Amino acid sequence: MTIWDETTDSTKELVFTALDYALENAQLSDQPFTPFSFARREDGTATLTRFAVSPGADVPETIDAAREYLATAEAGTTAITLAYDGYTTYEGERTAAVFVEAHQLDLDRALILAQRYLRTDGELQPLGNPMLQAEVAPLVLGVEASDGASDCGA
């Protein structure tokens, strides 16, 4: 059983929303897009946060800063995604891909999905289906208490 099997339908929906939005962002430029996250709340609403690349920083530094920011979630958050552009290797071939890390807060680990794509004549074409790349440590390490204090238990 993989973490995907343990993930609720509502979190899977958030993951696919993030994947679709990541592909839309990748379509805009040959350059990596600005990493972003969606945070879903108990009432089903989601908020978008972008993590701008600061001058002189590269995309991996920005992703690390985003992970640091996402380590504490607002009370009432049920799932968080982090999306970014990069490369993956499949069957010995390196291709561009969008990645979505997703953490359902009641699970003790997160998942990373990748959607490979080709850019042909300026158009982005997805390759195959999204692939489960890894199960990793959770994105969120703690949830803010309603009074603003932080509970850093995993």
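Student: How many helices and strands does the secondary structure of the protein chain come to?

Tutor: The protein chain has three helices and nine strands, where helices (H or I, at least four residues) and strands (E, at least two) are DSSP runs numbered from the N terminus. This is a predicted model, in which local features need pLDDT of at least 70 and side-chain atom pairs count only at pLDDT 80 or more, while totals for chains, interfaces and linings use all residues. Residues are numbered from 1 along each chain as its sequence is written, and side-chain values use heavy atoms, with hydrogens and water left out.

Student: And in what order do the elements run from the N terminus on?

Tutor: The order is α-α-β-β-α-β-β-β-β-β-β-β.

Student: OK, switching to strands: which ones pair with β4?

Tutor: β4 (77-90) pairs with β1 in the antiparallel sense over six bridges, and with β5 (residues 93-104), again in the antiparallel sense, over 12 bridges; two strands pair if DSSP finds at least two bridges between them.

Student: What happens at E91, in the hairpin of β4 and β5?

Tutor: That hairpin has two residues between the strands, and E91 takes a positive phi near 50° there.

Student: Is β4 mostly covered or mostly uncovered?

Tutor: β4 is mostly covered, with 10 of its 14 residues buried, and in the protein chain 42% of the 154 residues count as buried. Buried means under 20% relative accessible area, exposed over 50%, and partly exposed in between, with a 1.4 Å probe and protein chains only.

Student: Now pockets. How much space lies in the largest pocket, and which residues lie nearest its centre?

Tutor: About 280 Å³ of space lies in the largest pocket, and of its 14 lining residues A39, Y69, T72, A73 and E74 lie nearest the centre. On a 1 Å grid over the protein atoms alone, a pocket is an open set of points where a 1.4 Å probe fits, with protein on both sides within 12 Å along at least five of seven lines, and lining residues have an atom within 4 Å of a point. Grid points are joined across faces, edges and corners, and a volume is the space filled by probe spheres set on the points.

Student: Which element gives the largest share of that lining?

Tutor: β1 does, with four residues.

Student: And which element leads in the second largest pocket?

Tutor: There β4 supplies the largest share, three residues, and the pocket holds about 170 Å³ of space. Its lining includes D30, D85, Y87, A96 and R119.

Student: Last one: what does L127 touch, beyond residues up to four places away in sequence?

Tutor: L127, which sits in strand β7 (residues 123-136), touches T95, Q115, R116, Y117 and L118, where contact means heavy atoms within 4.5 Å. L127 counts as partly exposed because its relative accessibility is 21%.
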